[in-house]
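Here are my notes on the model. Please read them with the structure open.

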Amino acid sequence: MEVGVVGGGGGGENNDVLVPPTNFSMVEEGIYRSGLPKPDNFGFLRTLNLRSIVYLCPEPYPEENLKFLAANNIRLFQFGIEGKTGSIPSSSIMEALKILIDVRNHPVLIHCKRGKHRTGCLVGCLRKFQNWCLTAVFEEYQRFAGVKSRSTDLAYIEKFDSVCLRQCLYSLIYQYQGYGSNKRRLMYGEENLQKSRVTSR
């Protein structure tokens with residue numbers, strides 16, 4: 001992603017170059033992904049007007065990052081997924097996905113340490129929820145993981161079952177009035193939603 005120069009930004013950041021975090025990318029409208037933001041990324045993050053951050057590491061969130069969140073009224077959701085073990089807790093992935101599909105938490109940034117494996121798994125499961133074909137899901141994962149792509153991550157994504165998450169989305173749609181047809185961007189159109197409701201009865 002290209003960086004830009006801003007002027008008159010206030011807060012001692014006039015004429016600073018906006019530097020995105022490592023592996024930064026937009027996942028979906030209102031959903032972003034990256035590696036762990038550093039202080040020189042804070043100016044860039046302000047331009048996203050983030051409401052939430054989903055942090056996928058077990059380590060305590062850096063103090064300077066916590067101060068940035070407090071100063072900008074950003075809510076932190078932490079799911080402590082170990083980075084080098086072969087076991088990915090399905091409960092953590094499911095709870096993190098529930099945060100992502102609720103637009104009341106948007107704009108939201110997902111990140112782990114480098115924005116590769118744990119973030120890639122979560123995004124991969126979101127893509128299955130969105131009915132992406134598995135080839136496209138794997139290609140996206142590998143684009144960020146590079147030569148460090150993990151077969152265990154790909155196997156986890158392949159086996160992920162999003163049925164329970166779909167029911168959670170249906171509930172959110174009817175609880176939150178703002179998530180109407182113009183904002184139902186993560187899954188289906190109204191006709192498919194109604195079809196699913198009839199089928200589930």
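1. Start with His117. Histidine 117 sits in helix α4, residues 117–129. Helices here are DSSP runs of H or I with at least four residues, strands are runs of E with at least two, and both are numbered from the N terminus. Histidine 117 counts as buried, at 12% relative accessibility. The classes are buried under 20% relative accessible area, exposed over 50% and partly exposed in between (1.4 Å probe, protein chains only).

2. What does histidine 117 touch, leaving aside residues up to four places away in sequence? Its contacts are Tyr141, Ala145, Lys148, Ser149, Arg150 and Asp153. A contact means heavy atoms within 4.5 Å.

3. A note on the source. This is a predicted model: local features need pLDDT of at least 70, side-chain atom pairs count only at pLDDT 80 or more, and totals for chains, interfaces and linings use all residues. Residues are numbered from 1 along each chain as its sequence is written, and side-chain values use heavy atoms, leaving out hydrogens and water.

4. Now Val163. Valine 163 lies in helix α7, residues 163–175. Is it buried, exposed or partly exposed? Valine 163 is partly exposed, at 47% relative accessibility.

5. Lysine 84 belongs to the loop between β4 (75–78) and α3 (90–101). Lysine 84 is exposed, with a relative accessible area of 82%.

6. Finally, the whole chain. The protein chain has 8 helices and 5 strands. Of its 201 residues, 46% count as buried. Among contacts between residues at least 6 apart in sequence, 60% join residues at least 24 apart.
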